Amino acid sequence: MRQLNPLGSSSAGVLLVSFLSLVQISKAVKHGDFKTCAQSGFCKRNRALADQATAAGASRTSPYELDANTVALKDGVLTATILKNIGEENVELPLVFSFLDNGVARVTIDEAKRMTGQIELRHGSTAKKERYNEAAKWALVGGENFHKDAIIKTEDGVTSVAYGPAGYQVKITHKPFSVKFLKDGEAHVVLNERSFMNIEHWRPKPEDSDGNKGDDTWWEEAFGGNTDSKPRGPESVAMDITFPGYDHVYGIPEHASSLSLKETRGGEGNYNEPYRLYNADVFEYEIDSPMTLYGSIPFMQAQKKGSTVGVFWLNAAETWIDIVKQKTNVNALSPERATTQTHWMSESGLLDIFVLPGPNSSWLYKQYGDLTGFTALPAAFSIAYHQCRWNYVSQDDVKDVDRKFDKFDIPYDVIWLDIEYTDSKKYFTWDPLTFKDPETMLKTLDKRERKLVAIIDPHIKNDKNYAIGNELVNKGFGVMDKTGKKIYEGWCWPGSSHWIDCFNPAARAWWKSLFDFKKFVGSMPNTWIWNDMNEPSVFNGPETTMPKDNIHYDNWEHRDVHNLNGMTFHNATYEALKTRLGPGKERRPFVLTRSYFAGSQRTAAMWTGDNQADWSHLAQAFPMLLAQGIAGMPFAGADVGGFFGNPSKELLTRWYQAGAFYPFFRGHAHIDAKRREPYLAGEPYVSIIRDAIRLRYSLLPTWYTAFHRASWEGMPILRPHFVMFPDDEAGFAIDDQFYLGDTGILVKPIVSEGVTETSVYVPEENMVYYDYFDYTMYNGKGIRSVPAPLGSIPMLMRSGHIIPRKDRPRRSSGLMRYDPYTLVVALAPGGAGGVLYVDDGETYDNKDGAFIHRSFIYNPGDKTLRSGNLHPEPAKAAKYVKEMRDVRVERVILVGVTDEWKDKKTVEVKQGSKTWDAEVKFVEGKEGRASHVIVRNPRVAIVKDWTINFA
Ligand code: NOJ
């Protein structure tokens, strides 16, 4: 296997890795290393069941029936038993149906025999007997505001519950069991409409194994030389979920696919495989594929004109999702509509489904965030530019890169160290030859408020001379093999390794202790952490990960928790970093993770892993990042430049222009790739890249404001067309242009070679869109051609918005803290508005009110621009406001003024009791450009209420 690095000594390891990757530059995923649905026993079985049910049509009856005598509703929670009829016997499946105040409903189905431990495990396994019931503990932070006044009615074999906002209703048909979720009488989501529901109940293995000849994957499953012992036999859960009248579905990252998800049951342009969620280190992953990748968030949004709904499938085991669309003519006059039918299959655990009613995107994301938490408001530096490669090879190398950025006047905030900085891949150590004095290096970075991110992975070197490795073994904090008694051993970067089991609270406490400055000697307060390989990646494991029958803390099988594993690890790192400076000095940690699950947004940023220096991978990144935003984890990026391979200068330049719009903006490269720090590109590329990075820095105030909104409302930072224009069906599949937060900035980065102009879809009839740079006007709905030579980024400003920026180039974002603002007002006939959120960008003082939250409104009636306070408790901001009192607005630009403004020389400024004049200059727009005025130095404070009167 290419990634093997058994030598463990860093320089020899580098050589070996380089050699192996040189001989295998195949640039294509090895399909044979990863299962297809047909090779995954439960996926195959559930698809077969679906095929039978479809073929049988109405004559197939689902064996599941709600036992009417068991139904009870109390305080918004309905309990009942579902019976699965398997001939002689009925399998009891306890159902809990919760109804929340906000219209969200949750259906949880368990298995009675397993709840009470009445099953036998095979092979003497020590695994738990219950179905895994702790995914909620990791993923959820809310979901308990039950609608206590929910009203129940049972009639003709149907139980109806009215709950939540007026007009919300659930109808449960008893036999066969199916559920309709309705709003105002119309069904938006239906469970088991197609009878694909399947809960593989526990059964003993028949003595005569011939009894199961038909499907030998029930009792064990072999793949890639590894045999899964499956001590509980078959135990999958599956359900069909239909979205009637909804023709687009989005979400369920991580896949290198389109934003609007494709059909998966064949046909032209469709996939043949379901979308898979099984966190894995997929070497040289391919694009336009439903194959699994490093992270999973089983949240799906369905969209039709004017309405949106969501489904969250809370299950951490391997999961597959089939999607098909049924075209229906609603009536002869109406156009063809699609109903999207999905089929969800998980290998084990509970059947646990949340239905989120929307009815629009902003409500939906809030509902999802109320359940799983919102993205943490990041440390301000972490949304600036990051410079990484595998590897900066010594502290002198780091200092040299740092100096060169300054020499070439390119801002950057963070430099990264990949695995080679360690002493032989022993985390929490430094290579004694190349990183002799990390503290001096870190102090050098700190002079310009720059940071270091160092990698720390979950595989711990199995080496008698490594104290941390010994502690892990002796304390029993590692993941165990299938016996549950012996620590699991596998291969990763250090060679033979063990894996920390962060499901164990004691292991997490120990992990935290390792970040003590006395233990991680050489690290400093400006050191932050990158958690990689946490799927976990195991080079010699099945599908490059852990065997499913490995045992975690509390005897849960790895099978049950696989997709949660990465999150438990980055959560532990986050907790460690938060309190590193000691009590009362908590800071917002920065942790980058490769593997993630629903809830990861609360503690980490992610990136899309090992992409390639190829135009197609540049293009693929945006749909992936947009999907991350839909699924509540918007702090996301892709390796700028492409990880594998060497980008041409044009590709590198275009990638920087695109990367300037990644919420997480980092250049990174494989160890064999040529050096490609931006200053090496030569002219004109260096200047163009510098401009792109500076553009990111100048817009940092708006990025931070967008992150702030995401952190309490869940609105994505990059907003796809359908989120902005939910009635414009023509744009529902667009995933190559997007809007930045609430700014109205529409971006269409160039992702193909040799382009000099591009088509941008301008979605509104009556709104002017201004070119961000030269104010060229684009009027009217339709596809517009926008010039895009190499030096430019197609970027339009939707009229009606006000954009706060900081235009003075600095070396790092920290040095911009007290810089003055520029406000750009893109005028619409109805006026314009914008928002700015600022805080110290580092501590949690913002939670105590130490922040600035302003609104800017331009009123065309009295031609006045006003700054107003949005802070709900301004007194709490007093200290921070004092710190920021000298921060001014140095420029206001009004774009889209008429000729009447021509002779205007001054404007009247009012702040508090004072009034003064500021100079204003009119610039006539020529050749299709809008005219604008510039107010120079109006001297207003960012923390104060003020008006600028243009009348
Ligand atoms: C795999 C990661 O995806 C990549 O970014 C990193 O450089 C290597 N591991 C080495 O740590």
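Good morning. The structure is a predicted model, in which local features need pLDDT of at least 70, side-chain atom pairs count only at pLDDT 80 or more, and totals for chains, interfaces and linings use all residues. Residues are numbered from 1 along each chain as its sequence is written, and side-chain values use heavy atoms, with hydrogens and water left out.

Let me begin with the ligand. There are 13 residues around it, and Asp 418, Asp 532, Arg 594, Asp 610 and His 668 come nearest; a residue is counted as near if one of its heavy atoms lies within 4 Å of the molecule. This shell divides into eight nonpolar residues, one polar and four charged. In that scheme Ala, Val, Leu, Ile, Met, Phe, Trp, Tyr, Cys and Pro are nonpolar, Asp, Glu, Lys and Arg are charged, and the others, Gly among them, are polar.

I turn to the annotations. UniProt, in an unreviewed entry, lists residues 376-706 as "Glycoside hydrolase family 31 TIM barrel". That span is 32% helix and 12% strand, and its end C-alpha atoms lie 12 Å apart. Helices (H or I, at least four residues) and strands (E, at least two) are DSSP runs, numbered from the N terminus. The unreviewed entry also lists residues 714-803 as "Glycosyl hydrolase family 31 C-terminal"; this span is 4% helix and 37% strand, with 21 Å between its end C-alpha atoms. Such annotations may be inferred rather than shown by experiment.

Next, helix α15, residues 700-713, reaches 20 Å from its first C-alpha to its last. Is this helix enclosed or open? Twelve of its 14 residues are buried (under 20% relative accessible area, with a 1.4 Å probe and protein chains only), so α15 is largely enclosed by the rest of the structure. Trp 703, Tyr 704 and Phe 707 are among the buried residues. Gly 714 follows the helix, with a positive phi near 80°.

Finally, Asp 899 sits in the loop between β46 (888-897) and β47 (906-911). Thank you.

Key:
Expected span 1.5 Å × (residues − 1). Buried < 20%, exposed > 50% of the residue type's maximum accessible area, 1.4 Å probe, protein only.
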